[in-house]
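Here are my notes on this model, point by point. Please read them with the structure open.

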Amino acid sequence: MRRGAAVALLLAVAVLVAAGCGGGSTSHGTATEGRLGTVTIAGRGKPGSTPPKDVAGGQSAVRTLTLRQEIGQRMVFAYSGTRPPEALKRRIRRGEAAGVILFARNITTAAQLRTQMAALQRLRGPLDRGLPLLVMVDQEGGAVRRLPGGPLRAPGQTRDAADARRLGSSAAAALKRAGANVDIAPVVDVARAGSAMAAEGRAYGSAPDRVAARADAFARGLRADGVHPVYKHFPGFGAATVNTDDAAARIDLPLSALRAADLKPYNNVDPDAVMVSTAIYPRVDPRPAVFSRRWVTQELRDGIKGYKNVVTMTDDLQAPAVARYGTSAQLAFFAMTAGVDLPVFAKDYMSADRAARGLEQAVRSGKLSRQELAAGVQRVRAWRARLNTGP
């Protein structure tokens with residue numbers, strides 16, 4: 001790494017840490033590149049934010065978990081190639097994984113994937129009895145499809161809410177054939193003229209009410225066939241001119257404008273899970289939204305009625321938009337102290353494995369709250385209890 005790039009990276013991490021990971025209750029600290037042990041952010045959740053008991057034993061079940069199990073229960077794992085690695089299988093047997101996230105590189109046929117996912121589900125031990133693994137696939141429609149099958153049309157080509165529901169059913173059929181139970185869709189972004197979402201046809205439109213109606217209809221089509229949706233990308237990615245998979249994105253709009261358009265659909269949909277954007281909204285917070293307690297906890301979980309126990313996950317923390325902010329352990333730490341339940345590393349297994357080990361160190365050193373860790377575990381386990389493992 002050249003000296004100028006190294007300095008820029010250190011400054012980026014310092015911005016994250018100096019600003020803290022939350023609202024007024026966050027204490028500030030410093031971070032050194034590559035050393036999670038020096039991060040001293042100590043964000044804390046609001047009192048009384050404990051999620052409800054789930055069907056697998058509720059809070060008493062969480063109290064029986066080891067620290068490694070608690071952290072693993074808040075991780076989904078990607079992997080390279082068409083065979084799940086043995087290390088992942090061992091994690092599942094030990095109760096140290098919430099699930100997997102799959103991409104085209106993992107798939108030869110739906111039948112192949114279905115056989116492998118069924119085998120992973122059978123590895124679950126007593127800790128996860130009654131809790132299917134999350135098997136997540138990004139199947140929006142059109143060009144964004146990881147699995148063979150529908151929906152063949154993109155969200156921007158949807159005719160009305162009834163059509164959106166049919167497309168949701170088409171996505172569910174493709175996922176169920178492959179043994180998947182979670183679709184990382186629908187898109188709830190309100191597209192602006194000249195935006196990446198408009199150019200790619202991934203948004204349901206530019207009117208918040210229409211976006212909400214069609215996104216929720218797509219989700220109902222998924223749920224009717226036993227697949228659970230993840231609404232994305234909170235707080236709204238419809239004004240970005242670049243995809244965060246390609247570069248850092250800044251949406252320079254005031255909170256009032258974001259609430260009037262981008263956040264509006266979230267008040268009219270019914271999610272169990274929400275993906276948080278890696279874009280930066282500088283007039284609200286200088287950090288990417290996934291690292292911002294202002295966004296994840298204040299605006300989403302505490303700010304929207306009915307969202308207290310919604311599961312939150314990050315967009316890819318290995319994407320160019322955020323990967324520069326630190327090691328995988330630091331990125332997961334920043335996300336969790338902001339209030340995110342599931343940090344996602346989409347490129348490989350080892351990055352998430354290293355993140356889990358770093359989070360363990362953060363809890364043991366007191367930098368990550370064990371109470372907040374357990375609250376996230378409870379939300380994720382409650383969601384898993386509602387999943388269908390597939391036909």
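What is the volume of the largest pocket?

1. The largest pocket has a volume of about 430 Å³. A pocket here is an open set of points on a 1 Å grid over the protein atoms alone, where a 1.4 Å probe fits, with protein on both sides within 12 Å along at least five of seven lines. Its volume is the space filled by probe spheres set on the points.

2. Basis of the notes. This is a predicted model: local features need pLDDT of at least 70, side-chain atom pairs count only at pLDDT 80 or more, and totals for chains, interfaces and linings use all residues. Residues are numbered from 1 along each chain as its sequence is written, and side-chain values use heavy atoms, with hydrogens and water left out.

3. Pocket lining. The largest pocket is lined by 27 residues, where a lining residue has an atom within 4 Å of a point. Asp138, Arg146, Asp245, Asp315 and Asp316 lie nearest the pocket centre. Strand S2 (99-102), helix H7 (196-200) and strand S8 each give two or more residues to this lining. Helices (H or I, at least four residues) and strands (E, at least two) are DSSP runs, numbered from the N terminus. The lining divides into 11 nonpolar, 5 polar and 11 charged residues. Asp, Glu, Lys and Arg count as charged; Ala, Val, Leu, Ile, Met, Phe, Trp, Tyr, Cys and Pro as nonpolar; the others, Gly among them, as polar.

4. Strand S2. Both faces of S2 are covered. Gly99 and Ile101 are buried on one side, Val100 and Leu102 on the other. Buried means under 20% relative accessible area, exposed over 50%, partly exposed in between (1.4 Å probe, protein chains only). Strand S1 (residues 76-77) pairs with S2 in the parallel sense over 2 bridges; pairing requires at least two bridges found by DSSP. Val76 stands opposite Gly99.

5. The open sheet. Three strands run in the order S8-S9-S12, with parallel pairing. S8 (231-234) and S12 (311-314) are the edge strands, each pairing on one side only. The twist averages 30° from one strand to the next, with axes fitted to C-alpha atoms and angles taken from 0 to 180 degrees between N-to-C directions. S8 and S9 (residues 273-276) share 2 bridges. Phe234 faces Val276 of S9.

6. The whole structure holds 32 salt bridges, each a side-chain nitrogen of Lys or Arg within 4 Å of a carboxyl oxygen of Asp or Glu. Asp128 and Arg384 form one at 3.5 Å, N to O. Asp128 sits in the loop between helix H5 (110-122) and strand S3 (134-137), and Arg384 in helix H13 (residues 370-385), so the pair ties together parts 256 residues apart in sequence. Both Asp128 and Arg384 are buried.

7. Two further salt bridges. Lys308 and Asp302 meet at 2.8 Å, N to O. Lys308 is partly exposed at 34% relative accessible area; Asp302 is partly exposed at 25%. Glu360 and Arg364 have their closest N and O atoms 3.1 Å apart. These two are 4 residues apart in helix H12 (residues 349-364), so about one helical turn separates them. Glu360 counts as buried at 12%, whereas Arg364 is exposed at 61%.

8. A network. Salt bridges with shared partners join Asp138, Glu140, Arg146, Glu200, Arg202 and Lys232 into one network. Please check this group against the pocket: Asp138 and Arg146 are among the residues nearest its centre.
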